[in-house]
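Open the model in your viewer and keep the selection tool to hand. The tour moves from one selection to the next.

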Amino acid sequence: MDATTAPHRIPPEMPQYGEANHIFEMMQNMLQQLLIHQPEDPVPFMINYFQQDNDNVPKIMILGPPASGKTTIAMWLCKHLKSVLLCLENLMTKKYSSLAERARKRYQKMKSLPGSLLVKLIEERLGEDDCVQRGWILDGIPETREQVLMIQALGITPRHVIVLSAPDTVLIERNLGKRVDPHTGEIYHTTFDWPPEFEIQNRLIVPEGISEQETAQKLMAYHRNIVSVLPSYPKILKVISADQPCVDVFYQALTYAQTNHRSNAPFTPRVLLLGPKGSGKRLQAALLAQKYGLVSVCCGRLLKEAVADKSKFGEVIQPFFEKDLAVPDGIIMKVLGDRLTQHDCIQKGWVMYGFPRDLDQAHMLNTLEYKPNSRKIPLCARRPPSPFEFIRPVTLGPKLMANGTVAALPAAVRDPVETDRWPLAGRAQGGWHLRPAPVQMPPFSAGDFGTRQRALQFSTLLRGINKALNR
């Protein structure tokens, strides 16, 4: 490009292609791998790196004190994410590996492994195809600062680090009831997680090192080392309380493992506001445009401006306005496309409202190059309580609309004004429950949408926008 022709007219396809295909992240990861491994010939190395196609596979570390449930959560995550579980036991039991055989002999004699040998085992295992293609979960590794530094020196970087925590008294009591299935390696508990099958109950064994004194010693060693481990992963670390049901711990761990961290890639916001008439879309769009420097785009205003300017689109739209008819979707899309491809929208981003108004328009917008990349935020006006409470089933058949409103109700409650203002709020098993309730309806006034409500609505909207912008 010629620098004298600034501002440059960047085609809208370029930033959209970069965002859709994660070009920035791909180049960042490639440069990171080149600097870590420093190959003599970078070209074959980069070709092999792209052929692996494993940028999105799980790479998780699960840390925590003894009896916190690390192994159980790690096994459940592996089953759900279809990744490879790596722990000290299965690293040493690897077949046809001289390094694993040496580690087994050392562990049988000393009951521990030096950090250098453990890290070599990890490096050897992570280089195999299943870990490369499916990802991996490290259970209880690393344990010390020394192991962290050696792992980082080899270029092994997790995407998510999960730390389980619980009071020591709870962990000591929990560890006393620990039982292990020698066939499957599954961990059970005499109080919290006892298997219903008698066959499994009969073969459970008591693991070594679960006495109160041994557990207390392990907890002291863990607390002494973990304070120097956690600072190595400040931005990818999540602490989860293990003093709650195991299912809840797993749900929180799985939710975190499936989230994407904030990207440093250049990002041009394209925000879409949806909501009924009177919900404050125009005000919120103006506030967002002012705060983030976006371009506020109103579909209705664009059509009126086109008619007022007597442009080529205005001449086509004018007859529809005169006859009070809806402007065809094809014409609306052309007007929107002409505005969204202008330089200010491409450079600053935009916040749009007033379009789409139905499902067909939404599909049309989504299939073109103008689809929003930020979270679509619905705005809801506060409504009075419904005069119906849900008591007994009423057969509505296909009259129930997809958005929850009622197209036709029984004669006793058939009122087009009321059904438009009060959509059905829920569904119970067996059908919709509907019956007039003896309640006094408060008056519905425009004062409900005062300054305070708009401020609260905008603060809620900003939180949604910030989550979308900090994806």
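This is a predicted model. Start with the aromatic rings: the count comes to two aromatic pairs.

**Stop 1: an aromatic pair.** Select Trp76 and Phe250, one of the pairs. Their arrangement is edge-to-face, with the ring centres 5.6 Å apart and 85° between the planes. Now colour the helices that carry them. Trp76 belongs to α4 (residues 70-81) and Phe250 to α13 (residues 246-257), so the pair ties together parts that are 174 residues apart in sequence.

Phe250 has a relative accessible area of 16%, so it is buried, the cut-off being under 20%.

**Stop 2: a loop residue.** Go to Ser232. You will find it in the loop between α12 (212-229) and β7 (237-241). Ser232 counts as buried because its relative accessibility is 16%.

What does Ser232 touch, leaving aside neighbours within four places in sequence? Show Arg145, Val148 and Gln152: Ser232 is in contact with these residues. Pick out Arg145 and display side chains. A polar contact of 2.3 Å links the Arg145 side chain to that of Ser232. Next, draw a C-alpha to C-alpha distance from Ser232 to Val148. It reads 7.5 Å, across 84 residues of sequence.

**Stop 3: a charge over a ring.** Finish with Lys291 and Tyr292. The charged end of Lys291 sits over the Tyr292 ring, 5.8 Å from the ring's centre.

Conventions:
Residues are numbered from 1 along each chain as its sequence is written. This is a predicted model: local features need pLDDT of at least 70, side-chain atom pairs count only at pLDDT 80 or more; totals for chains, interfaces and linings use all residues. Side-chain values use heavy atoms; hydrogens and water are left out. Helices (H or I, at least four residues) and strands (E, at least two) are DSSP runs, numbered from the N terminus. Buried means under 20% relative accessible area, exposed over 50%, partly exposed in between (1.4 Å probe, protein chains only). Contact means heavy atoms within 4.5 Å. A polar contact is a pair of N or O atoms within 3.5 Å; within protein, one must be able to donate a hydrogen and the other to accept it, and residues adjacent in sequence count only if both atoms are side-chain atoms. Rings of Phe, Tyr and Trp (its six-membered ring) pair if their centres lie within 6.5 Å; planes under 30 degrees apart count as stacked, over 60 as edge-to-face and the rest as tilted. A charge sits over a ring if NZ of Lys or CZ of Arg is within 6 Å of the ring centre and within 35 degrees of the ring normal.
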